[in-house]
Amino acid sequence: MDKTELYGRLLLDTELTTELRRSLIDQAQPAVVQQENYIECQRCLSKTRKEQAMLPNGTYYCPQCILLGRVSSTNQLYHLSEPNLFAKLTQTPLTWQGQLSSFQQNCSKELIKALDRPGKYLMWAVTGAGKTEMLFPTLTKALLQKKRICLASPRVDVCNELYPRIVAAFHKITPVLLHGHSKQPYQYSQLTICTTHQLLRFQHAFDLLIIDEVDAFPFVNSQMLKKAAKKAMKINGTLVYLTATPTKKMLVHIKQNKLPVSYLPIRFHRKLLPVPQVWLMNHWQNKLAKQKLPLKLTNCLRKWSKDALPFLVFVPNIELLKPVLQVLRSILPKNVLGDSVYSADPQRITKVQAMRDHQLNYLVTTTILERGVTFPSLNVMILGADERTFSVSALVQIAGRVGRSQKRPYGDVIFICQDYVKNVKEAVQQIKGLNKKGDKLLNE
């Protein structure tokens, strides 16, 4: 292990070689600080009451960031300041041959300006607007300035989709991909792509931190991950949020001029968002219990299969994955191949890649695929769209999986409900509202 692997990072003694620990003994700091009634983890900055953190041997551990390996009062943390020891680029590293539309260029120029000032910035653009491509000029400027950059997302699937696109667009840069399922070893790199949990292993590392799908679980509800993002940035760094569905708190901050924002209500191919069809069916679950689906649904799915169109079927809970998959396999031709996937599925990455590679025609899935994945020519069906599992933003994001390609900028989005509830109404209204703004922009 080389000491460059510690630049801008905060690692446990157990993650370092014995030789490196010895050479950096002066850099060691306690991993857990004890107060009167609680302990404070120095990796994730979470506080836990002592009775909840005590181990049988009388030592303490942090239960908050245990996913990244246990931190206890017997551990030490090591850190080396970020020196930005990157080779100076003599020409642009961007090799992407595409072109931004005039609308995308306007957003991109505003983002470039944000790079020159510390603080937070929001890029709010509809699903399929081309947010990744709009980042390219800003990433190029930051790379030329020898700044250290991180692209983070709460979702593994988003990271896995971002990585090859960034590699293809910047041939002279070798980014590192970090998440719990990644087999790529860590290396000191000017550009890091990682899940937001991996930010816990960084400290004052990044001049530019971009968090994609910032409103997604688990980041949106996690104070620990928000602290991790702040800790991972340099003091005068720039934090950029990307989303198609900003939180209510973000919208309030925008109105109060506390959060600078650029806004794009139209997709890169200048076509409007597909508006969901709401089908009211109060008997679909009864049919499913009998290993059937309503005839209208069966006919729809068979038509998609006949037209050789890939599709996703979303369900509100894990328990429905298997019965829905069994029914689909029974009603569709045997050459139409599908599978199910959920967050803890050990074959999750393989299955999603199989869908991308057209080895699978469909996936039955939970909300894990609500965002961050792109399958061309896709159709989508949500069983139980009126369930609490599907928030307004989840419904909007799922609908946004459809119509993302230039070749087929349209497609079917079908919400199956027992009742036309508030979240469904608001999602449809939000999509229609975005289309209204997009149509106005096109006709100005």
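Three cavities of 30 Å³ or more are counted. A cavity is a set of points, on a 1 Å grid over the protein atoms alone, where a 1.4 Å probe fits but cannot get out. Grid points are joined across faces, edges and corners, and a volume is the space filled by probe spheres set on the points. Rolling a probe the size of a water molecule over the atoms shows where empty space is left.

Residues are numbered from 1 along each chain as its sequence is written. As the model is predicted, local features need pLDDT of at least 70 and side-chain atom pairs count only at pLDDT 80 or more, while totals for chains, interfaces and linings use all residues; side-chain values use heavy atoms, with hydrogens and water left out.

**Stop 1: the largest cavity**

Select Val126, Thr127, Ala244, Arg267, Leu273, Pro274, Val396, Ala399, Gly400, Ile431 and Leu434, which line the largest cavity. A lining residue has an atom within 4 Å of a point. The volume of this cavity is about 60 Å³. Its lining divides into eight nonpolar residues, two polar and one charged. Here Ala, Val, Leu, Ile, Met, Phe, Trp, Tyr, Cys and Pro count as nonpolar, Asp, Glu, Lys and Arg as charged, and the others, Gly among them, as polar. Helices α12 and α13 each supply at least two residues of the lining. Helices (H or I, at least four residues) and strands (E, at least two) are DSSP runs, numbered from the N terminus.

**Stop 2: helix α13**

Next, select residues 422–442, which form helix α13. Its 21 residues reach 30 Å from the first C-alpha to the last, close to the 30 Å expected at 1.5 Å a residue; the expected span is 1.5 Å times one less than the number of residues.

Which residues of α13 are buried? They are Asn423, Val424, Ala427, Val428, Ile431, Leu434, Asn435 and Gly438. Buried means under 20% relative accessible area, exposed over 50%, and partly exposed in between (1.4 Å probe, protein chains only). The arc is that of the directions from the helix axis to the C-beta atoms. An α-helix has 3.6 residues a turn, so residues three or four places apart point the same way.

Turn the view to the face away from the buried side, where the exposed residues Lys422, Gln429, Lys436 and Lys440 are carried. The cover over the buried residues of α13 includes β13 (261–264), β14 (277–280), α12 (392–399) and β19 (413–417).

**Stop 3: the loop between β13 and β14**

In this loop, select Arg270. Its phi is near 70 degrees, a positive value in a residue other than glycine. Most residues other than glycine have a negative phi, and most peptide bonds are trans. Arg270 is partly exposed, with a relative accessible area of 39%.

**Stop 4: helix α11 and strand β17**

Move to helix α11, residues 348–356, in which Arg348, Lys351, Val352, Ala354 and Met355 are buried. They cover an arc of only 155 degrees around the axis, which puts them on the same side of α11. Their cover includes α5 (156–169), β15 (311–314), β16 (338–341) and β17 (362–365). Just after α11, His358 takes a positive phi of about 65 degrees.

In strand β17, select Tyr362. Is this residue buried or exposed? Tyr362 is buried, with a relative accessible area of 0%. Beyond its neighbours within four places in sequence, Tyr362 is in contact (heavy atoms within 4.5 Å) with residues including Phe311, Leu325, Asp339 and Met355.

**Stop 5**

Pro154 lies in the loop between β8 (149–153) and α5. Pro154 is buried, with a relative accessible area of 9%. Leaving aside neighbours within four places in sequence, its contacts include Thr196, Asp212, Phe217 and Pro218. Select the last two: a cis peptide bond joins Phe217 and Pro218, with omega about 5 degrees. Pro218 is placed in the loop between β11 (206–212) and α6 (223–232).

**Stop 6: Met233 and His204**

Finally, select Met233 in strand β12, residues 233–243. Met233 is buried, with a relative accessible area of 9%. Among its contacts outside four places in sequence are His204, Phe206 and Leu209. His204 is found in the loop between β10 (191–195) and β11. The phi of His204 is near 50 degrees, a positive value in a residue other than glycine. His204 is partly exposed, with a relative accessible area of 34%.

Technical notes:
1 Å grid on protein atoms, 1.4 Å probe; cavity = no way out; pocket = protein on both sides within 12 Å on 5 of 7 lines; lining within 4 Å.
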